[in-house]
Number of protein chains: 2
Amino acid sequence: MAKKFSVADYLISPNISDKALFGNVLGIDHNREEVSMEVIEEKPLTIYLNSQEVVTAMTIGDHPEYLAIGFLYNQRMLSQEDELTSVEFDPELDVVVVRTLRHTDFEKKLKKRTRTSGCAVGTVFGDILEGLDQISLKGSKLRTSWMYELSNKINRTDSLYLKVGAIHGTVLCYKSKPMCYMEDVGRHNAVDKISGWMISENIRPDDKILYTTGRLTSEMVIKTANMGIPILISRSGFTVWGVELAKKLNMTLIGRMKGKRFCCLSGGHRLIFDTV
Amino acid sequence: MAKKFSVADYLISPNISDKALFGNVLGIDHNREEVSMEVIEEKPLTIYLNSQEVVTAMTIGDHPEYLAIGFLYNQRMLSQEDELTSVEFDPELDVVVVRTLRHTDFEKKLKKRTRTSGCAVGTVFGDILEGLDQISLKGSKLRTSWMYELSNKINRTDSLYLKVGAIHGTVLCYKSKPMCYMEDVGRHNAVDKISGWMISENIRPDDKILYTTGRLTSEMVIKTANMGIPILISRSGFTVWGVELAKKLNMTLIGRMKGKRFCCLSGGHRLIFDTV
């Protein structure tokens, strides 16, 4: 068996020995025999921005602060100008409260809109699409050797996916080096946790690569663009709109990446084929 | 090759010849060759309840009316007491408006809550969990012969999944017979479309089986319980909370169903092993 890629090689990666992340489930199999399995946990986490309840996300529960910060930035409820004064997680209530120095635009906007149209979900999504016009990713070269090395390292990393399954993973990478590996029941949560970590650690996005196990839908492309990352790679499939958005945003988009096979959907002229 | 299970055997099933559901995408593969692929479409659909904008969902775009009705019922924004006066889809604006005879409780509740806490998303989710106490599914027997037959028929059905991939499927079944097959980019949309169809066609839920390709998370179990369906089967994995909720709700839950293998997580005493 191939040697595992060590978790020590990451700045942050899944803590597969954290027993709060999975539990034991008993079942009966097709042979009518009792089976016992380790299965991923899932719990609600309610995110507040100052005094405003924003959303209840279903999450595996690690890194609630990163999830909250990343979610709020990726939904454009926070911007780079907002100074975070505190991020508090209450494990009894499953609540994270993100506080900012000044009141955020989001609250004003939300209050105004709720008076006319009620619920903010659609509105918020509308805002995200509007904001995309202001994003311009500068093209960044991508070597096939990096892709193969990343895929190989990530697949050999001890993860909750390998341990218990039914989970999505997202990895922030620099060239051929995976840096930050997050997992969650929803692929969007894993991306939001990466985003929260980047903001907290002040990591520049424009020379990075985002790798995900999930499909390349419009939501994934939009989140990645909001984070300022110019390259998005997935081992899964993609949608027409995901591809169209990536082209519009000047993002390099790679789908169906498995072993030494892949399909480049956008930014193909920036690929360097340096492997045989 | 095994004979396809005919779509004519379903009351409603994916229309794989509907060219609005997929598009052509050009890419470059690992051999630096141009490749052309058919890929699933994805577009925004904004759902209104009377004058209230509720959500913008990303969907493949078929059956927008069923999606809207099912979403509103599954989010408990509509109840059995609400009489629908019209459901109008505007293909130019990608908007569905669902109208009811009287103002729905949801609007009052939302207006009250938005004044104090702003956004309804978390609140709405909270309401769903509360409502679960009132649901009691009456146990319903499940034969292994039905499961094997269903799995076999569903896998052989002409679907968007077989045609272009990157999509989830959900099938409403009666005993060994698949009745209604819906697909979408999000597994929750596929379930909501089934729900909208059942409400529109006045289909009783308590003798049915819901089959899904997606994972059995809390959200899937809650939706299925809200729909009144006592049996949920998936070919994918599950979370601890999904299993706990199924037990609490007296639901029969089957995961990792592949060929003649499966794992029963809840309601095992209602299984009838009538196959060898």
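**Figure 1. A bridge pair between two strands of chain B.** Lys43(B) stands opposite Thr59(B), a residue of β4(B). The view, like those that follow, is taken from a predicted model. Strand β3 of chain B, residues 43-49, is joined to β4(B) by 7 bridges, and the two strands run antiparallel.

**Figure 2. Two packed helices of chain A.** Two packed helices are described by the angle between their axes and the distance between the axes. Here the axes of α6 (residues 187-201) and α7 (residues 218-226) of chain A come within 11 Å and cross at roughly 5°. Because angles under 35 degrees count as roughly parallel, α6(A) is described as roughly parallel to α7(A). On the side of α6(A), the contact is made by Arg187(A), His188(A) and Val191(A). Glu219(A), Met220(A) and Lys223(A) make the contact on the side of α7(A). By residue type, the contact of α6(A) with α7(A) divides into 2 nonpolar, 1 polar and 3 charged residues.

**Figure 3. Helix α6(A) and its surroundings.** The 15 residues of α6(A) reach 21 Å from the first C-alpha to the last, close to the 21 Å expected at 1.5 Å a residue. Of these 15 residues, 12 are buried, so α6(A) is largely enclosed by the rest of the structure. Among the buried residues are Ala190(A), Ile194(A), Gly196(A) and Trp197(A). The charged residues Asp192(A) and Lys193(A) are also among those buried. The cover over the buried residues of α6(A) includes the strands β4 (52-59), β8, β9 (177-184) and β10 (209-212) of chain A. It also includes the helices α1 (64-74) and α7 of chain A. Just after α6(A), Asn202(A) takes a positive phi of about 55°.

**Figure 4. Two buried residues of chain A with positive phi.** Ala166(A) lies in the loop between α5 (160-163) and β8 (168-174) of chain A. Its phi is near 55°, a positive value in a residue other than glycine. Ala166(A) is buried, because 22 other C-beta atoms lie within 10 Å and 20 or more are required.

**Figure 5. The contact between chains A and B.** On chain B, 55 residues are in contact with 55 residues of chain A. The side of chain B that touches chain A divides into 25 nonpolar, 20 polar and 10 charged residues. Strand pairing also links the chains: 2 bridges join β1 (residues 22-29) of chain A to β13 (residues 261-266) of chain B. These two strands run antiparallel. Within β13(B), Cys264(B) is the bridge partner of Ile28(A).

Methods. Residues are numbered from 1 along each chain as its sequence is written. Chains are lettered from A and ligands numbered from 1 in the order in which they are written. This is a predicted model: local features need pLDDT of at least 70, side-chain atom pairs count only at pLDDT 80 or more; totals for chains, interfaces and linings use all residues. Helices (H or I, at least four residues) and strands (E, at least two) are DSSP runs, numbered from the N terminus. Two strands pair if DSSP finds at least two bridges between them. Axes are lines fitted to C-alpha atoms, for helices over the stretch in contact, and angles run from 0 to 180 degrees between N-to-C directions. Angles under 35 degrees count as roughly parallel, over 145 as roughly antiparallel, 65 to 115 as roughly perpendicular and the rest as oblique. Two residues are in contact if their C-beta atoms, placed from the backbone, lie within 7 Å. The expected span of a helix is 1.5 Å times one less than its number of residues.
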